[in-house]
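Trainee: I'd like to learn how to read the side-chain features of a model like this one. Could you take me through them one at a time?

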Amino acid sequence: QVQLVESGGGLVQAGGSLRLSCAASGRTFSSNSMAWFRQAPGKEREFVATITWNGATLYLNSVKGRFTISRDNAKNTVYLQMNSLKPEDTAVYYCAIGAYSSSQRSYEHWGQGTQVTVSS
């Protein structure tokens, strides 16, 4: 059974940094893309970033230059380094595994989410 477990969320002041991690288990995902999505209160879940098995990346425009996605294929783990955080980054962050895309429909496996709260 495939399982994704996120960690690293928390409360941080605006301008601060957090690093999210997502460990996948159940099988090897080295050929799949791994992604981060987020859902703010009262809003729909949105794409944040994705990375292919060999390191190609795609980002939401509003996080470009602030967030960096990376992965360790040997550990089946994807990371999201978030710098210069803003209150509008507050959301539950989800990791997902699937095909390289910004669409949620392309991802078949999802984690339970980790809360990120940025105070002003």
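Predicted model: local features only at pLDDT ≥ 70, side-chain atom pairs only at ≥ 80, totals over all residues.

Trainee: Then is Trp 110 buried, partly exposed or exposed?

Mentor: Trp 110 is partly exposed, because its relative accessible area is 24%. Compare Phe 37, which is buried at 0%, and Phe 47, which counts as buried at 9%.

Trainee: How do I read aromatic pairs, and how many aromatic pairs are there?

Mentor: Take the rings of Phe, Tyr and Trp (for Trp, its six-membered ring): they pair if their centres lie within 6.5 Å, and planes under 30 degrees apart count as stacked, over 60 as edge-to-face, and the rest as tilted. That rule gives 4 aromatic pairs here. One of them is Phe 37 with Phe 47, edge-to-face, at 5.7 Å centre to centre and 75 degrees between the planes. Phe 37 is in strand 4 (residues 33–39) and Phe 47 in strand 5 (residues 46–51), 10 residues apart, so this pair links distant parts of the chain; strands here are DSSP runs of E, at least two residues long, numbered from the N terminus.

Trainee: And what kind of pair do Phe 37 and Trp 110 form?

Mentor: A tilted one, with 5.0 Å between the centres of Phe 37 and Trp 110 and 55 degrees between their planes. Trp 110 belongs to strand 10 (residues 107–110) and Phe 37 to strand 4, so the pair ties together parts that are 73 residues apart in sequence.

Trainee: Which charged end sits over the ring of Trp 110?

Mentor: The test is that NZ of Lys or CZ of Arg is within 6 Å of the ring centre and within 35 degrees of the ring normal. For Trp 110 it's Arg 45, whose charged end is 3.9 Å from the ring centre. Arg 19 does likewise over the ring of Tyr 79, 4.0 Å from its centre.

Trainee: What about salt bridges?

Mentor: The general idea is that side chains of opposite charge can pair when their charged atoms come close. The cut-off is a side-chain nitrogen of Lys or Arg within 4 Å of a carboxyl oxygen of Asp or Glu. Searching the whole structure turns up 3 salt bridges. Arg 38 bridges to Glu 46, with the closest N and O atoms 2.7 Å apart. Arg 38 counts as buried, at 5% relative accessibility, whereas Glu 46 is partly exposed at 33%.

Trainee: Where does Asp 89 come in?

Mentor: Asp 89 forms a salt bridge with Arg 38, at 3.0 Å between the closest N and O atoms. Asp 89 lies in the loop between strand 8 (77–82) and strand 9 (91–98) and Arg 38 in strand 4, so the pair ties together parts 51 residues apart in sequence. The side chain of Asp 89 also meets that of Arg 66 in a salt bridge, 2.8 Å from N to O. Both Arg 66 and Asp 89 are buried. Through shared partners, salt bridges join Arg 38, Glu 46, Arg 66 and Asp 89 into one network.

Trainee: Which cysteines does a disulfide join?

Mentor: A disulfide is a covalent bond between the sulfur atoms of two cysteines; here the criterion is a pair of cysteine sulfur atoms within 2.5 Å. The search finds 1 disulfide, joining Cys 22 to Cys 95 with S to S at 1.9 Å. The torsion about the S-S bond of Cys 22 and Cys 95 is about 40 degrees, so the disulfide is right-handed. Cys 22 is in strand 3 (residues 18–25) and Cys 95 in strand 9, 73 residues apart, and both Cys 22 and Cys 95 are buried.

How values were computed
Residues numbered from 1 in each chain as written. Heavy atoms only, no water. Helix = DSSP H or I, 4+ residues; strand = E, 2+ residues; numbered from the N terminus. Buried < 20%, exposed > 50% of the residue type's maximum accessible area, 1.4 Å probe, protein only.
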